[in-house]
Amino acid sequence: MKPYPFEYTRVSSLEEAVTLLQREDEPRIIAGGQSLVPILAMRLAAPSRLIDIGGLSALRGIERRGDVLRIGALARHAEVMASAEVAEAVPLLARAISHVAHPAVRNRGTFGGSVCLADPAAELPAVCTALGATFEVFGSDGLRTIPAREFFLDIYETALAPDEILVAAQLPVACPKERFGFEEIARRHGDFAIVGLAVRARMEGTLFAELDLCFFGASPRPVLAQNAARAVIGQELTDETQQAAVSALTADLDPQEDAQADAEMRLHLAGVLLKRRLAEIAGKERQQ
Amino acid sequence: MSKQILRAPIGQSAPRERARRFATGRGRYTDDAASLRGLHAAFVRSPIARGDILEIDCDAARDMDGVVAVLTHADIAGRYRPWRAGNALLPEMKAPEQHALPPSRVNYVGEPLAMVVATSRALAEDAAEQVFADIDPLDAVADIETALAPDSPLIHEDCGSNLCVSLTSGNGKFGADFEDADLVIEDTLDFGRHTACPLETRSMLAEYDPGSEVLTLRISHQCPHQLQAELAKILGLGQHRLRVISEDVGGAYGLKQQLYQEDVLVCLAAMQTGRPVRFVADRLEAFASDNHAREHRVSARIAVRKDGRITGFELDDLFPIGAYPQYPRTSLGEGNHVLRMSAAGYDIADFRSRLRLLFQNKALIGHYRSVGHPVACAITEHMVDRAAAALGLAPETIRLRNFLSDDSYPRETPTGVHLHYLSQHACLDRLLADMDIAALRSEQAKLRGQGICRGIGIASFVELTGTGNGFYGPGGIDVSGQDGCTLKMEPSGHVRCMPSVTDQGQGTDTGIAQIVASVLGLEVADIRVLSGDSEITPHGGGAWASRGISTGGEAAWQAAQTLREQLLLVAGHLHQRDPATLELTEGHVVDASGAQITTISEVAHICYFRHDLLPDDMPTELMVTRHAVPRAQLFQATNGIQAAYVEVDTDTGFTRLLGHWVVHDGGTLINPKLVEEQIRGGVVQGLGAALLEEIRYDEDGQLLTATMADYLVPMASDVPDIQVSHVTSGTAEGALGAKGVGEAGVAGASGAVLNAVNDALGPFGATVRQMPISPRTVLTALRAAAASATTPPFEDAP
Ligand SMILES: Cc1cc2nc3c(=O)[nH]c(=O)nc-3n(C[C@H](O)[C@H](O)[C@H](O)COP(=O)(O)OP(=O)(O)OC[C@H]3O[C@@H](n4cnc5c(N)ncnc54)[C@H](O)[C@@H]3O)c2cc1C
């Protein structure tokens, strides 16, 4: 379990990083290294050079800017978890982050690393998709933005160009009528999910005015279950609307088979999560 | 009620001596040992389960920078003796020849094909990728069902079949109808393949000194003397020129108990290159090449009368052991314990069992903590619960009616196991009190009304510990059932203690020191224990069958008694007292009134330096060795019982552990805290077996679980509180009366969880018959029950 030999540069600017990304045969950015280092150790990748972005202070920090919360790509999971800003402004993220790995991994793993790795069972890409976050990326033409909902393409595949670096994520700040739900099913706490669900809803009384249901671990990428959402939007949660939403998941999800579950079981579990989270949100409204 | 008056520090929860070093980062694991001009090994391993080796091209690898040697079968043939794992007591058992590197055929994924030795592990891995093995693939035997089919390929053509051995036991006729039965229930359980997953992987460092012709192997191992004996035979060295050192070992659990090809290969490479050669398995190769354990398919039948009496029990164990039996102990142990220890705590008139060991194109099955007992426990307790359910009896009621009565010993089981004493009833009574069974049941009933599905499971077990020389020695296998202890009192009165038993984290060293300190009237800190070095410690078993204290402690006790007598003899002479009236206490020699006469250090000093004060014929040796071996009982049979309380989410299939209880009879407790740590640690491994752990291969024998992300072990957050209680019967052989405790936690944990989950699923008519009990297993069982019932258990979630 020793990696292939590689070169290493700790860059001091985004421009330097982009130049290296363009020049090298097989460059690879390293952030927290929590996913990349095991990949290297198992010789599943053979980069010619690691570009360590750890020294770029522009990629750090968590900051409220008007109605978005900007999370730097290098923000560690542990920072996000401890952040009062996150807890207040993006409660869905606050709920999700404790499911990401374990303390040792959270101390080094970064927000940007998790987003760029694009593991279909990861929590943070799903949260960004559910909330309609926006990613700031830097490349040879300078800064541009990519909506989270267009960012995740397939297993470990994103819309990032080979010479681009994720700089930050902008997550919309929650408004009073929004409700959130999060649940995942994993064999052990901290494992990648077998299936998970991140929910954003805007309620009008007991009616679901808006509903974003992002499933992870249920398709090759985090997906918004739009058919399921449509079955509930504009209505109250009843046995019928709930059942209609669950039935619609067949059209929304493309579950894969692995050691933990086959496609059918994944679909079943997705339905269980959907019922539970919708019931939680609707239940709270009824109490008010 | 022990035979001797045992005084402190016996019975005290002294902290584990080595823990201080570990906690401060000063452990001395094998890979911590520096080596001058040391080399590193990497192995080319078979990527396929079965095939013929056409060619292994090493030219490119040999030319690489930093590569010192590349070895294949052709390079080492004739320089060592291949081995066969058989037992002379079972001449019908097939023991195919095993090689350090295969001459012509590979038989499992991960089998070493070639060894690369280079100046760093990274370079060795680079070169290993440049070794090109041309293997003609053959159909693999990977399925338990088809291994015995007439058209199945033969893994070992010279064996004539894939059946390694078939054995039966018991007092009834296998396969015959039960005579005295109102009801006979049949069922089959599948047990997943495990591996022990020690934190420290297999590690070794071999060094050969041609000057003195001494080979030193530092290795993470639990039986250094056994390895010394085996390597001497295989390498053609005198046992006195082979030194095996296992200093700190980061967990062993039976996985580091046998001989592996790599052990032989690092020695051969060190002898060939004249340089130290190190190998530390990485986790990928650990999963592929470490011993696995526990894969069993056990079918059983239980016969009961309406009054709840169990009148007959029959079981049939299919046990696929991998490509070869494990050397030197063979792979029989697991199956043998299923064959002979199932239902051992029950009074059953007609018991029969059959065991068949199958060859498969998979890694070898060896021993894993509690060898076979968890399987014996689970199948027994599952069948007993099924009988109870069929008769409408509570699980504890059927057990009370059928357990061997606590006053019926000594006795023999139908499988010929001598039971000196068991406390089945006392343990059950204690368990029911500890868990407050009535309160738990009413909580369970109340929650069921709210749609929360909880289960309570009980599992009792009988375990063989501290095994003597009954099976290995007479079978021609040089595994010691005897253990020894050397004590050397220094002129200062401090003691160096060299036991043959070894410590891989159990705290054996500390327990031994407590025993020696107790006899000599010293403190634990006055005793320095040096275990794990075959050059200085007496030849003995090391760590197996929970022998550290039950056997090793007995040897230490005997040695300390002899040393004590010697000290008292000299002190008596010096002070004109009858030695029989003297005692050693708090570093002093005291008289019957407790008055201090002299210090132990003064007596020791005189024994070394002042022979002018002593008569010529007075013995003055302060170095003693004693050995202990279970003779009358051959082993110490122990017993215990466990209970699990679980919650099953019937929508997702997930099982959550809420509580776990253990009551165990370990005889005298030398160090209660260490005993409880042992039991808790074992329970956690059993919980892993119940819910999480499984080595999986596909139908072609390809390994599917090669990382810790695929092979799931329990983490702290998955484990409930584990309450441990003791029943102490001082009935063990020997002066101390201590029985083995190291494996009891594993023995009953998985069976208890299985029964708890099935208790939870009872109202749905569902039964799980497979471990680990994954969410998928539970959902499948619920679905099957729903399909055969009128009311669906998948009540649509709220
Ligand atoms: C035991 C364990 C359990 C885990 N469990 C979970 C879990 O439950 N859920 C979960 O989501 N994750 C889990 N992870 C992964 C963890 O969250 C990682 O930290 C994360 O996926 C990657 O972040 P990193 O900073 O370590 O990235 P790295 O490992 O350094 O990089 C990951 C990938 O992203 C690229 N990259 C990183 N930063 C950037 C950037 N700014 N711009 C462009 N590309 C970039 C790298 O080139 C690389 O391809 C687990 C990891 C471990 C070791």
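Axes are lines fitted to C-alpha atoms, for helices over the stretch in contact, and angles between them run from 0 to 180 degrees, taken between N-to-C directions. The model shown in these views is predicted.

**View 1. Contact between chain B and chain A.** On the chain B side, 31 residues are in contact with 30 residues of chain A. About 2500 Å² is buried between chain B and chain A, and carbon and sulfur atoms give 53% of this area. The chain B residues that lose the most area to chain A are B:Phe654, B:Met715 and B:Arg776, which together make up 23% of what that side buries. The size of an interface is often given in this way, as the accessible area lost when the parts come together.

**View 2. Polar and charged pairs between chain B and chain A.** Between chain B and chain A there are 8 salt bridges. One salt bridge pairs A:Asp262 with B:Arg776, where the closest N and O atoms are 3.9 Å apart; the cut-off for a salt bridge is 4 Å. B:Arg776 is also among the chain B residues that lose the most area to chain A. Residue pairs in polar contact between chain B and chain A, both residues at pLDDT 80 or more, number 14. Helix H4 (121-128), helix H7 (283-289) and helix H18 (775-788) of chain B are the elements that give two or more residues to the side touching chain A. By class, this side of chain B has 14 nonpolar, 13 charged and 4 polar residues.

**View 3. The open sheet of 6 strands in chain B.** The strand order is E9-E19-E18-E17-E10-E33, and the pairing is mixed. Strand E9 (163-170) and strand E33 (770-771) of chain B each have a single partner strand and stand at the edges, so one side of each is left without a neighbour in the sheet. E33(B) runs parallel to strand E10 (residues 183-191) of chain B, and 2 bridges join the two. In E33(B), B:Met771 stands opposite B:Phe191. Helix H9 (residues 373-391) of chain B lies across E10, strand E17 (296-304), strand E18 (310-322) and E33 of chain B, and runs at about 145° to E10(B).

**View 4. The open sheet of 4 strands in chain A.** The strands follow the order E11-E12-E13-E14, with antiparallel pairing. At the edges stand strand E11 (178-185) and strand E14 (223-224) of chain A, each with a single partner strand, so one side of each has no neighbour in the sheet. E11(A) and strand E12 (residues 195-204) of chain A run antiparallel and are joined by 8 bridges. A:Phe182 has A:Ala198 of E12(A) opposite. Helix H8 (residues 123-131) of chain A lies across E11, E12, strand E13 (207-216) and E14 of chain A, running at about 155° to E13(A).

**View 5. Two cis peptide bonds in chain B and a positive phi in chain A.** Most residues other than glycine have a negative phi, and most peptide bonds are trans. The peptide bond from B:Ala8 to B:Pro9 is cis, with omega near 5°. B:Pro9 lies in the segment before helix H1 (17-23) of chain B. B:Tyr327 and B:Pro328 are likewise joined by a cis peptide bond, with omega about 0°. The loop between E18 and helix H8 (332-341) of chain B holds B:Pro328. In chain A, A:Ala118 has a positive phi, near 60°, and is placed in the loop between helix H7 (111-117) and H8 of chain A.

Note on methods. Residues are numbered from 1 along each chain as its sequence is written. Chains are lettered from A and ligands numbered from 1 in the order in which they are written. This is a predicted model: local features need pLDDT of at least 70, side-chain atom pairs count only at pLDDT 80 or more; totals for chains, interfaces and linings use all residues. Side-chain values use heavy atoms; hydrogens and water are left out. Contact means heavy atoms within 4.5 Å. Buried area is the accessible area (1.4 Å probe) that two parts lose on being put together, summed over both. A salt bridge is a side-chain nitrogen of Lys or Arg within 4 Å of a carboxyl oxygen of Asp or Glu. A polar contact is a pair of N or O atoms within 3.5 Å; within protein, one must be able to donate a hydrogen and the other to accept it, and residues adjacent in sequence count only if both atoms are side-chain atoms. Ala, Val, Leu, Ile, Met, Phe, Trp, Tyr, Cys and Pro count as nonpolar, Asp, Glu, Lys and Arg as charged, and the others, Gly among them, as polar. Two strands pair if DSSP finds at least two bridges between them.
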